[in-house]
Amino acid sequence: MNDNNPVNPFVVGKYLSDAYFCDRSEETAFLQKQLENGRDVALISPRRMGKSGLIQHFFSQDSIKEKYHVFYVDIYATTSLAEFVYLLGKEIYAQLKPQAALWKDKFFQIVKSLRMGLKLDAMSGLPTFDLGLGDIQMPQTTLDEIFEYIDQADKNCIIAIDEFQQIGGYGEKNVEALLRTKIQQCRRSQFIFSGSKRHLMSNMFNSPAKPFYQSAVSMGLQPIPMSVYAEFAVKLFEQRGKHLDSEVAETVWQYYDGYTWFVQMLMNELFALTPAGGECRVTLIPEARRNVVMAQESSYADLLSNLPPRQKLVLQAIAKEGNAKNITSANFIKKYNLSSASSVQAAVKLLLKNDLLTQNGNVYRVYDRFFSEWLAKVY
């Protein structure tokens with residue numbers, strides 16, 4: 001089967017179509033209302049909750065595709081303004097490929113600093129985007145040109161920037177102020193600023209001292225209701241000639257607190273384990289969990305081996321605890337043979353920075369639920 005009709009309907013890590021996307025109708029309508037009325041949106045929720053899928057689902061709506069050009073840029077791995085500009089320019093040109101030649105030609109007429117990236121394909125004779133990161137010599141100039149180009153597009157644009165909090169860590173000075181100024185000058189574009197580090201995103205958009213203060217409507221993302229997801233899962237099984245006990249989907253949802261990616265991943269494995277015409281029952285869950293976790297064992301072992309001893313011990317302790325509270329208390333330190341409260345604090349700070357831990361108030365847990373299960377069982 002092709003990508004739009006996959007063998008396994010529990011799609012992980014990408015968006016295919018409405019048929020394989022669960023609910024989020026209220027969230028989709030909220031996004032549309034805000035953006036159509038000229039309000040940018042700050043979409044803030046933990047990773048693996050489904051932010052990227054929601055954005056792609058929103059972009060796929062006919063009412064959006066007809067009225068807007070849409071662009072999605074994930075800047076999670078970026079560390080500089082030059083990288084940001086590079087990804088933005090590359091995404092915009094990638095979306096131009098199926099568009100009229102006139103608009104593609106105009107791209108390099110306006111974005112002059114990237115003109116060296118225009119090369120002709122030897123086979124087709126058509127222009128291709130062949131630009132390296134090192135070709136971004138003047139990021140601010142290129143950014144000005146990109147936004148000027150967007151303002152001359154034949155339709156209004158919606159630009160989604162995922163993991164937007166990354167700009168706060170760029171080496172250049174005043175990047176937030178620079179981008180805020182540039183974005184304010186965009187007359188024909190609306191923005192979705194999506195981020196998973198809630199404290200950074202909240203500070204960025206809710207602190208009066210920050211350039212993006214009150215510049216966007218804040219939007220959270222909660223888990224899809226358990227009953228809604230269970231109904232969705234049962235339907236996908238039935239459509240492929242298999243049967244699913246709704247208790248299975250509910251149990252999986254509870255294991256992972258409704259975090260979309262982890263739930264989908266386990267349901268994907270359960271579907272694979274269920275024979276054609278067969279029924280998936282709760283007794284199959286332990287095997288599915290084991291398969292999913294052990295499939296990543298080598299990468300988990302490599303990750304753990306590269307951690308300093310103190311970080312490793314604290315990570316293992318929190319994994320065994322599940323939802324860990326009072327991690328600097330004497331009881332916690334004694335229970336897991338940790339050295340001191342100060343060493344735990346230092347380790348946790350680095351583990352949070354490297355996205356190995358997540359924090360909600362005074363509760364800590366290993367971000368990757370499957371990694372957490374592996375740690376708790378193997379160590």
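On helix α14, the buried residues are Q311, V314, L315, Q316, A317, I318 and A319. This is a predicted model, so please hear every value that follows as computed from it. The helix runs over residues 309-321, which makes 13 residues. From its first C-alpha to its last it reaches 18 Å, close to the 18 Å expected at 1.5 Å a residue. An α-helix has 3.6 residues a turn, so residues three or four places apart point the same way. Among the buried positions of α14 are Q311, V314 and I318, if you want to follow them on the screen. Just after α14 comes G322, with a positive phi of about 85 degrees.

Next, the sheet. Which order do its strands take? The order is β10-β12-β11, in an open sheet of three strands with antiparallel pairing. β10 and β11 stand at the edges with a single partner strand each, so one side of each has no neighbour in the sheet. Strands of a sheet pair through backbone hydrogen bonds, either parallel or antiparallel. Between β10, residues 324-325, and β12 the antiparallel pairing covers two bridges. A324 has Y364 of β12 as its bridge partner. Between β11 and β12 there are four bridges, again antiparallel, and N360 stands opposite V363 of β12.

β11 and β12 also form a hairpin, with two residues between them. In that turn, G361 has a positive phi of about 70 degrees. As for the side chains of β12, residues 363-366, V363 and R365 point one way while Y364 and V366 point the other. Are these four residues buried or exposed? All of them are buried, R365 included.

Now the pockets. Rolling a probe the size of a water molecule over the atoms shows where empty space is left. How much space lies in the largest pocket? The figure is about 690 Å³. Its lining has 31 residues, and those nearest the centre of the pocket are G13, G50, S52, G53 and W261. Two or more lining residues come from each of α2 (51-59), β2 (68-74), α9 (226-239) and α11 (260-273). Of these, α2 gives the most, with four residues. By class, the lining of the largest pocket has 15 nonpolar, eight polar and eight charged residues.

The second largest pocket holds about 400 Å³ of space. It is lined by 17 residues, with K197, H199, L357, T358 and Q359 nearest its centre. At least two lining residues each come from α8 (198-206), α16 (341-353) and β11 (357-360). Which element supplies the largest share of this lining? That is β11, with four residues. So we are back at the sheet: β11 is one of its edge strands. By class, the lining of the second largest pocket counts six nonpolar, five polar and six charged residues.

The structure holds one cavity of 30 Å³ or more. The volume of the largest cavity is about 40 Å³, and its lining consists of I224, Y229, W253, G258, T260 and V263. Four of these lining residues are nonpolar, two are polar and none is charged.

T274 sits in the loop between α11 and β9 (279-280). Why does T274 count as buried? Its relative accessibility is 2%, and the cut-off for buried is under 20%. Leaving aside neighbours within four places in sequence, T274 is in contact with F237, K242, E279, C280 and L284.

Last, the totals for the protein. The secondary structure comes to 17 helices and 12 strands. Of the 379 residues, 49% are buried. Taking the contacts with a separation of 6 or more, 71% are between residues 24 or more positions apart. That is the end of my part.

Notes
Residues are numbered from 1 along each chain as its sequence is written. This is a predicted model: local features need pLDDT of at least 70, side-chain atom pairs count only at pLDDT 80 or more; totals for chains, interfaces and linings use all residues. Side-chain values use heavy atoms; hydrogens and water are left out. The expected span of a helix is 1.5 Å times one less than its number of residues. Buried means under 20% relative accessible area, exposed over 50%, partly exposed in between (1.4 Å probe, protein chains only). On a 1 Å grid over the protein atoms alone, a cavity is a set of points where a 1.4 Å probe fits but cannot get out, and a pocket is an open set with protein on both sides within 12 Å along at least five of seven lines; lining residues have an atom within 4 Å of a point. Grid points are joined across faces, edges and corners, and a volume is the space filled by probe spheres set on the points. Ala, Val, Leu, Ile, Met, Phe, Trp, Tyr, Cys and Pro count as nonpolar, Asp, Glu, Lys and Arg as charged, and the others, Gly among them, as polar. Two strands pair if DSSP finds at least two bridges between them. Contact means heavy atoms within 4.5 Å.
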